[in-house]
There are 2 protein chains.
Amino acid sequence: MIDTFKQLLIGPPLPTGRIADERLNKIRALAAFSPAALSSIAYADQEIYLGLVVAGSAGLSLAFPIGLVITVLLVLIALSYLQTIYGYPGGGGSYVVSRENLGELPGLIAGAALLIDYVLTSAVSLTAGVEAICSAFPALWPYSVEAALLLLIVITVLNLRGLRETGTLMAVPVYLFLAAYLPLLAYGTVRILAGVPVVSAPTVAPAAVPLTAFLVLRAFASGCTAMTGIEAVSNGVPAFQEPQAKNAGRTLMVMAVLMGVLFLGSIGLIQSWGVVAGADETVLSALCRRLVGSGPVYVLIQMSTLLVLAVAANTSFAGFPQVATLLAKDGFLPRQLMQLGDRLVFANGILLLSAATAALIVAFRGESHALIPLFAVGAFLAFTFSQAGMVLHWERARDTRWRLKAGLNGIGAVATGIALVVVGVGKFVQGAWITVLGIPALVVLFLGIRRHYAGVAEQLSMARTTALCDLPAPRVVIPIAGVHRGIVDAVAYARSIATDVTAVYVEQEPGSGQRTRERWGRWWPEIPLVIVSSPYRSIVGPILDYLDETDRNYDDGQLATVVLPEFVPAKPLHALLHNQTAWLIRTALLYRRRRLGFQRAVISVPYHLGR
Amino acid sequence: MIDTFKQLLIGPPLPTGRIADERLNKIRALAAFSPAALSSIAYADQEIYLGLVVAGSAGLSLAFPIGLVITVLLVLIALSYLQTIYGYPGGGGSYVVSRENLGELPGLIAGAALLIDYVLTSAVSLTAGVEAICSAFPALWPYSVEAALLLLIVITVLNLRGLRETGTLMAVPVYLFLAAYLPLLAYGTVRILAGVPVVSAPTVAPAAVPLTAFLVLRAFASGCTAMTGIEAVSNGVPAFQEPQAKNAGRTLMVMAVLMGVLFLGSIGLIQSWGVVAGADETVLSALCRRLVGSGPVYVLIQMSTLLVLAVAANTSFAGFPQVATLLAKDGFLPRQLMQLGDRLVFANGILLLSAATAALIVAFRGESHALIPLFAVGAFLAFTFSQAGMVLHWERARDTRWRLKAGLNGIGAVATGIALVVVGVGKFVQGAWITVLGIPALVVLFLGIRRHYAGVAEQLSMARTTALCDLPAPRVVIPIAGVHRGIVDAVAYARSIATDVTAVYVEQEPGSGQRTRERWGRWWPEIPLVIVSSPYRSIVGPILDYLDETDRNYDDGQLATVVLPEFVPAKPLHALLHNQTAWLIRTALLYRRRRLGFQRAVISVPYHLGR
């Protein structure tokens, strides 16, 4: 029944041979790798606005300058990642680049940062998407957590099904988004240049706090979240059509330009028009409303914002399982993460990401603003490590123009390193500390997991096994709860494998032992039955004690085998009506280590009830 | 570790011989059996008040008359239960009396009603107790659900420990409560009789609805919750000192008188003084405040109200597991409910009651007023059935004065029957329907459970076993995940019980099968290894298919035994780092029924990791 439901939800299993090796042209590649980067204006604008509005109109007048600095940084990072694309045509994720060039520990730090970054991309995109739609329909605000979780469930199920066939479908929101915002921003810019008077705006509230350098830095730090999606293209080089590196490089450049235009354009218009957002609206929504009114065009734009953010969240569902699998292959994460699921996707990684995202959405009450301080630290840490790694990569390679390449990566590393410090310090108290502590905690976990696997591998090595020895025929003990049809098969089985068979009955009610002995004697007079009393009414304890005692008495170096008559109800729900004694005994026997060496074997002989 | 925590929480296990047979004198018996009855004024007064206040002062002027009718009913029920005490000196709970005299179905209906009634007593008492203390400290109102759950946890743990040693302690709140309220009511009555002018009261809001007969009936129905605890004494006759019936009877009478005095006194004063309660206060609290001000005496009275209500909730923890055990003994509830726990209490019944109470508290947001409509139906249904049963009991017994006794019980049955109809109809829409539907649903469940047990008993009967047959030596199949130290013991064990041994390896990655075959041949060249491929990457499915196929090929009427090498990590948490393949295979094998008759035996051979 569970299988049927699973198939309905995610589709029938696919054979391993069906792993597709599809290549993307530039148009589809842009749609595949850019959503996280492009959609970031939805929350980055908002964060710059919220960071500055507390300092009144003087604060807001710095929005565009901050936007400019971020755009310059964006250009530096883009140029830097262009080098990565040529240096790692096989796909240069931060984990791989850091590990190969800087060493294991930096690689693990980058890996931890990446994992955290993917979870936050997913959580921030979903909450920001819900906020875009709530801005259009304020009645939805109270349900923002539920709405974000619903979106998350849809995305999770789609990814568990495997998204290949819907790849083209994913491109629609991205181009819809571009088709909505590019003309909108052009229209706004033209109106300003044409000198059309700005519609009377609600005046900004007076400054609540003075405009300090720290406040500006913090606004800059928040705005840096705009860049979190930029490394996607360099991860995905192998998915491009030939010539791969060239196509990927061009796509990266187009993406960076689009991102710069969207970001600078929107921030510039917000500042020029003096756009102010109320409590239940994002500043981007307020900007749209100012330009196109509150009619159907506005609603359509908010819908396209929601959709592109949902697609952005979806990109994490490709990236996270991939990094988790790489870490698992190197023994730093549980092996289950590298298992291909029924639909040829890393289902465990998808489920883990989904659970982590849901936890963040609930813990931060669905507010993207509360999540943002955690966000950029992971991304910028991964950037810095990966670009510093690239500098060393070029230095080793020493191919043509390696100095230029290393120089560009070096500038990128320094710039993102500075941004990392600004983000970490500026937002530390508001939540960046969670990421700053979370990354080393993850690294410690990675190392602990590898240590465990190494220990297991050593213990399982056949190298330590010198000779195989034969075991004598087992002694068998059968715990019985009474004389009934359910134990007949177990007794027969015990006799088929051993001659030394004993039954044991735990007496909870005085007198029941004698009655059981009489009934037992009628059926199996030749098999001894031992009655042990249980003053504390426990069943498992007395059986364990009896087994220990009997092993001591025999003193043959063997542990008696236990044959458990297991009673299987016709329907799973019926199990609620029966004591799970066999299960308890089996678990106690299997998981209690009695001594070194050969452990006690436990034989389950099921007896199935017909109804 | 779990064991240590459990012992810390509920204490070390007690031997069965320690079941105490303690007898209560009248003073302690009153404390043991009366809390639910006496404390009911805390919510019954409130309900009558809330039911009438909507009709303004005209409505409130009916409070005392309604109180009088309820008191008359109380007297009739008390006289009726007095007969039960003499008729059933061994303890006459509604389930036993109904079952013996009216038949099985009425017994089950009474049993279902009682179980529901116990859960509601517990939930209503706890929420009303929290409301008493919130009236004194209104800042606590937002935390009323949490407070009620906290109380519930404390009571649950105390009951799991076994309450014997604290029996005397339980008497303190009851006598404290009497010591607080009896003088208070006397003082109020004296002041009214002495003609002390009533302090100017806040005037009652004008009538919101007209004073209809239905409204009066509904207020009466709500007030009837005052009587829900009255049957406790007749259940507990065996706990009294000799002469048991006489002592129990006297205690019942004292309890009824105290209850009448408390109830009529408080309702009378509330009406005479025109006490009106605000939104965040109970009317009983408002009455106390009017009489003694808001000083420490008032707070002390509210504390004693909370305590006595907590003790009242506690009485359900004695009654519910007892009734559940009786039903379980007759096969109507899961057998686990009759297991004596470590501390000689019916731990499963206690936990079930606690869970049900918690669910009610949460579902009804901790408001006693919302729970009340569900409450009285169960109690009055049980009353009616039990007293009707007593009429038949006397008719059959025909001892001295049987006509008088039967008459008293008959009057009781008719009176509670009428009250039952009033309560069921008057409160149907507000929530009584839940109980009205819940009781038959429980009865259907009871019958279903007994049908299941009867079916199981028939299938397990040795009567159907004609002859015991011997099994041949088993064929053994060992599923392996690779050649490593963890399978050595399993192979050795398999060879100790069988000569026909085959290993089977599921190939998920192409090529891994050949590698495994080579390694296998180095260690066990004489044992055949079968490689099965798994295009869908599943492990369990191909193993099941292989077993089916091999059984078909042998065609010897046997199912191959499976020897599972089970890999046990040193710490339970480490299990997260390994695939639970052995567990999955074992579960699939045990719970999948392959055919009629003898099922497949599964042998677990554990290999314990040292770290």
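This is a predicted model: local features need pLDDT of at least 70, side-chain atom pairs count only at pLDDT 80 or more; totals for chains, interfaces and linings use all residues.
User: What is the phi of Arg537(A)?

Analyst: Most residues other than glycine have a negative phi. Arg537(A) is a residue other than glycine, yet its phi is positive. The value is near 65 degrees.

User: Which residue just after H13(A) takes a positive phi?

Analyst: Helix H13 of chain A covers residues 244-273. Just after H13(A), phi is about 60 degrees. The residue is Gly274(A).

User: How far apart are the end C-alpha atoms of helix H13 of chain A, and what span should its 30 residues give?

Analyst: The estimate takes 1.5 Å a residue. For the 30 residues of H13, the span should be 44 Å. The model agrees with this, as the end C-alpha atoms are 43 Å apart.

User: Is the peptide bond from Glu242(B) to Pro243(B) cis or trans?

Analyst: Most peptide bonds are trans. Here omega is near -10 degrees. Pro243(B) sits in the loop between helix H12 (232-235) and helix H13 (244-272) of chain B. The bond from Glu242(B) to Pro243(B) is cis.

User: What is omega for the cis peptide bond that joins Glu242(A) and Pro243(A)?

Analyst: Pro243(A) is in the loop between helix H12 (232-235) and H13 of chain A. The bond that joins Glu242(A) to Pro243(A) is cis. Its omega is about -10 degrees.

User: How much area do chain B and chain A bury between them?

Analyst: The contact takes 80 residues from chain B and 80 residues from chain A. Carbon and sulfur atoms carry 59% of the buried area. The total is about 6900 Å².

User: Which residue of chain A meets Asp470(B) in a salt bridge?

Analyst: Across the interface of chain B and chain A, the rule finds 2 salt bridges. One of them joins the side chain of Asp470(B) to chain A, at 3.7 Å from N to O. The partner is Arg495(A).

User: Which helix gives the largest share of the side of chain B that touches chain A?

Analyst: Several elements of chain B each supply at least two residues, including helix H19 (428-460), helix H20 (485-497) and strand S4 (561-568). The largest share is 9 residues. It comes from H20(B).

User: Which residue stands opposite Ile603(A) in S5(B)?

Analyst: Strand S5 (residues 602-608) of chain A runs antiparallel to S5(B). The two strands are joined by 3 bridges. Opposite Ile603(A) stands Ile603(B).

Terms used. Residues are numbered from 1 along each chain as its sequence is written. Chains are lettered from A and ligands numbered from 1 in the order in which they are written. Side-chain values use heavy atoms; hydrogens and water are left out. Helices (H or I, at least four residues) and strands (E, at least two) are DSSP runs, numbered from the N terminus. The expected span of a helix is 1.5 Å times one less than its number of residues. Contact means heavy atoms within 4.5 Å. Buried area is the accessible area (1.4 Å probe) that two parts lose on being put together, summed over both. A salt bridge is a side-chain nitrogen of Lys or Arg within 4 Å of a carboxyl oxygen of Asp or Glu. Two strands pair if DSSP finds at least two bridges between them.
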